[in-house]
Amino acid sequence: MDCRYDARMMDEGQILVLNSGSSSIKFALYTAARDPARVLAGTISGIGATPAFTAANADGRPLPAGLPRDTGALTHVSALTRLLDWLAARDGSSKLLGAGHRVVHGGARYAAPMRLDAAGLAALEQLVPMAPLHQPHNLAAVRVLLNLQPDLAQVACFDTAFHSTLPAAARDFALPRDITAAGVRRYGFHGLSYEYIAGVLPQHLGGRADGRVIVAHLGAGASLCAMRGRRSVATTMGFTALDGLMMGTRSGAIDPGVLFYLMRERSMSPDAVEDLLYRRSGLLGVSGTSGDMSALLANPDPRAKEAVDLFCYRAAREIGSLAAALGGLDALVFTAGIGERAAPVRAAICEQSGWLGIALDETANREHRVLINAPGSKVAVCVIPTDEEIVIAKHTRKLLTA
């Protein structure tokens with residue numbers, strides 16, 4: 001079926017953006033015009049348990065709940081079915097032309113967004129072992145829509161694609177060549193976020209935007225990306241989204257020998273080790289109470305402070321590593337949940353990175369301004385909210401008209 005649309009259809013149509021997780025589905029609806037505009041956004045949470053639905057217009061005004069009155073547990077199938085019904089009932093005159101999905105891993109093969117079909121979905125399912133926390137749930141939404149609306153065009157946008165510009169020295173592990181050739185290499189993640197930041201950097205940094213920039217995507221998942229010419233040249237995540245920085249529940253980089261020790265001396269199975277490193281480590285593991293940074297910052301327990309301190313230390317140390325890869329630093333950008341909202345974390349990271357020429361304006365940082373460096377700072381420091389959804393919407397529109 002030819003799913004290309006003419007200009008009139010695009011102007012009148014809409015694009016659905018989906019980010020499907022294990023227990024929630026984040027969604028946003030955009031116009032399909034040349035410059036997509038957000039119509040609404042929301043979340044269906046509690047999949048597999050007690051469901052909850054929240055949605056708001058583009059101006060932030062809440063919209064009525066979209067879940068039926070029955071209280072049965074939601075599955076991905078029923079959640080998406082109800083979402084589509086709610087969207088159709090909300091504005092029956094508009095036409096849904098396509099759906100764009102955040103898909104965490106594209107592997108070595110997919111370095112750009114792609115139109116999805118059954119064969120493409122099968123190829124992406126082969127990458128589940130590389131991103132077990134995300135890939136299965138990202139693809140579940142694709143599979144459900146293929147069944148519910150088989151004629152609806154679907155597009156996968158990959159978190160790994162932005163890092164396809166990594167040079168070999170930043171990409172390859174020191175392993176035998178046959179293993180590297182089989183795809184065991186650094187891929188990097190959070191690429192949709194980095195792509196958005198790279199696109200808006202000139203608005204905030206002017207000519208510095210094309211210089212030596214480190215972007216810190218700090219959230220429940222956390223990573224850093226070194227950019228030159230607004231292209232990725234080094235990043236902290238690797239073969240999986242487990243590497244690099246300490247995260248909400250993930251350990252980040254760890255001596256591989258620890259894994260051998262856990263399996264041999266503690267008799268832990270590979271599945272148990274995977275669960276430990278993905279779900280029971282990071283801020284949660286160190287604090288013993290929570291993987292949420294805002295909760296830890298408000299918690300007087302010394303273990304909470306130790307978790308925050310370790311998070312900041314690991315971030316500052318990796319910033320030093322990426323600055324070495326860049327040969328210096330012109331700008332540091334904070335984004336994502338922690339990066340955008342946790343002023344004490346930004347302050348601690350910048351203080352430990354002061355040797356690079358970073359000087360922070362404490363008032364600007366506390367007030368969450370866009371530019372938070374002091375006037376005499378050799379390095380510009382910015383706080384820029386990310387918007388992965390608009391990146392997906394634009395890619396989806398482009399492929400719908402290709």
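Predicted model: local features only at pLDDT ≥ 70, side-chain atom pairs only at ≥ 80, totals over all residues.
Residues are numbered from 1 along each chain as its sequence is written, and side-chain values use heavy atoms, with hydrogens and water left out.

**Helix packing**
- Helix H2 (residues 76-90) packs with helix H4 (residues 135-148) at an angle of about 60°, their axes 10 Å apart.
- H2 and H4 are therefore oblique to each other.
- His76, Val77, Leu80, Thr81 and Leu84 of H2 make the contact with His137, Ala140, Ala141, Val144, Leu145 and Leu148 of H4 (contact means heavy atoms within 4.5 Å).

**Aromatic pairs**
- The structure holds five aromatic pairs; rings of Phe, Tyr and Trp (its six-membered ring) pair if their centres lie within 6.5 Å, with planes under 30 degrees apart counted as stacked, over 60 as edge-to-face and the rest as tilted.
- Tyr187 and Phe239 form a tilted pair, because their ring centres are 6.3 Å apart and their planes stand at 45°.
- This pair links distant parts of the chain, 52 residues apart.
- Tyr187 is buried at 3% relative accessibility, while Phe239 is partly exposed at 25% (buried means under 20% relative accessible area, exposed over 50%, partly exposed in between, with a 1.4 Å probe and protein chains only).
- Ring pairs also join Phe27, Phe53 and Trp86 into a cluster.

Terms used:
Helix = DSSP H or I, 4+ residues; strand = E, 2+ residues; numbered from the N terminus. Axes fitted to C-alpha atoms, helices over the stretch in contact; angles between N-to-C directions. Parallel < 35°, antiparallel > 145°, perpendicular 65-115°, else oblique.
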